[in-house]
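Biologist: I would like to go through the aromatic rings and a sheet with you. Could you show me the structure before I start asking?

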Amino acid sequence: MVRRRASSPPGRALLAALVVATAAVTGCSAPDSAAPTAGAGEPPRLLDAPAPGPVHDWLGYDRPAEYQSVESRVQVPTRDGTALSCRRFQPGRGGTPDAEREHPGVIMDFTPYDKESGAPQHRYFAERGYDVLVCDVRGSGDSPGDYVSWFQPQEALDNYDVVEWLAAQPGSNGRIAQIGSSYGSITAYRVAALQPPHLTTIVPMVSPTNIYAEWIYPGGVPSHTNMAWWASEAPTIDTAAHASTLATFQQHPLYDDFWKQVATTNKLSDVTVPVLHVGGYFDIFKQGGFDALAQRPDRTWLLTGPWIHDGFVSLPGGAPDTITTGTLLQWFDHWLDDRPGASIPPSRVISYESNSASGTGRWTGFDHWPAGSAQSRRLFPTADGALSDTPPAPSDSHYSVNPYDGPSAAALGSFPTDPGQNQAPSEQGVRNDRDRYGTTDPRTTFTLPAFENDTTVAGPVTLHLDASLTTADTYFAGKLEVVTRDGKVLPIEAGHLRAQLRSGLEQAVPVPLGEPTQYRMDLGHTHWRFTAGEQLRISISGGNLPLASPTAPAGVVTIHHGDRTFVDITTIPG
């Protein structure tokens, strides 16, 4: 079976591994130099952002290399005799693996992406005493077998066998971790749910716990862009596997047994090891960490920062807008190697508070999420486009479904401050540079008066609508936005819902025509400071390109204002 090994398409490397800044990808056999503080004219370093002392110290952990990385290619056997193709990076000297002490092991990114990428990070951990293994999953890359679609049951069993194989190697101390981003984060959760005896901890990064509801069918709304991009471009699989993977996405529009087998939200109760879940507020997968924390509050720690799906981790001394591999090293040093000075995070949740001025946020620590000081605030949209703290008198507003509305975040996430993310053109009925929006039917918006003082929203945002339709189905796209003092409209969070799935994602129920019906959209968790003079806005639409497919039926949505249409936000003082 011939597999593609051409140049990586856009995104494969982004999804496959920790991303290393070019400046950091130099000699990996010697200790890394300490990251300098940003000088005059240089961009601010994320690790230098304001933070409580313990948080700052924890994020800045690192230690010198002690070994050289000794690299080899190995075939790892699985229970049915299939041998997976892997690369191994062992601590050693002079080209020989170290035999003077026992070493813990780390499995990095068990995925169908290119295992040849990410070597600088693998070497970093090997140089600090970790036996690192990187494998192609069955049917991908150089591993034999068939890849029918992602996250098949056999894949998790293979992963279990890989964990136990690494623990059984001479020189192992019997403690194994698994770390992975995106696809690799899901395999980490799935293998942890099987409870291999020697798996000690996992570090899932930018991880969805329900990839159906977060990305392929967000809120039940089809995303053919995401389906086609991943199945056709991301993995290193053959042509037949590309086709079969896309077919499975298209053949399962509801949250059925196929997706339940894939998802990890229903497996979290079986995960018993400690977990450091690393997430990004502007990533495509924003909710997984908060789901994991809610289900496993005593064994989950969150590190959530101001990043999208890629480029948020570098070697020490790398890109200024990243955390470093040192932070992850500390977690391994604590759980796998009992290193003095290596600790768990000082707070259960390490969270970065963003605002509309890029690069000027701050790190915070919370013992709970939402914070113990958090307060819920209920805001009521009114027919004249405002948001009120009290329910308005009964009234209606209307919008025509525009399936070509947008822009949504990009395929791997977008920063609110990205120039292409300004929502003002679509909300004002003005054509944008893609000529996407008409000029006669601007998006429906509801806006609070300008804040007199800085106000921080930190927690879940939930939109409830009492609405009636002229069609038996529609797509809702809701956004939490900030209107800046200079008139930009920046999207902070977004949520989607297919109307027929209002009662659950497992079964489509037609909407009664013209009858008021309740809908709930989770817009997600955020940590955002609105500065004085800015406004909070909620927008509602029937489309959100390119994320949401433009297939919503034509029709009119009537929003019934009163005490049944509202948005709940979570604020914290200070």
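Predicted model: local features only at pLDDT ≥ 70, side-chain atom pairs only at ≥ 80, totals over all residues.

Biologist: Thanks! What makes the pair Trp307 and Trp363 tilted?

Modeller: Their ring centres are 6.4 Å apart, and the cut-off for a pair is within 6.5 Å. Their planes stand at 50°; under 30 degrees would be stacked and over 60 edge-to-face, so the pair counts as tilted. A search of the whole structure finds 35 aromatic pairs.

Biologist: Why do you say that this pair ties parts together?

Modeller: Trp307 is in the loop between β9 and β10, while Trp363 belongs to strand β13, so the pair links parts 56 residues apart in sequence.

Biologist: How do you know whether Trp307 is buried or exposed?

Modeller: Its relative accessible area is 2%, and buried means under 20%, so Trp307 is buried. Trp363, also at 2%, counts as buried too.

Biologist: What makes you say that the charged end of Arg348 sits over the ring of Trp301?

Modeller: The charged end of Arg348 is 4.2 Å from the centre of that ring, and the distance limit is within 6 Å, with a further limit of 35 degrees from the ring normal. Arg378 likewise lies over the face of Phe566, at 3.9 Å from the ring centre.

Biologist: Why are β17 and β20 called edge strands?

Modeller: The open sheet runs β17-β22-β19-β20 with antiparallel pairing, and β17 and β20 each pair on one side only. Inside that sheet, 7 bridges join β19 to β22, and Glu481 has Arg537 in β22 as its bridge partner.

Terms used: Residues numbered from 1 in each chain as written. Heavy atoms only, no water. Phe/Tyr/Trp six-rings, centres within 6.5 Å; stacked < 30°, edge-to-face > 60°. Helix = DSSP H or I, 4+ residues; strand = E, 2+ residues; numbered from the N terminus. Buried < 20%, exposed > 50% of the residue type's maximum accessible area, 1.4 Å probe, protein only. Pairing = 2+ DSSP bridges.
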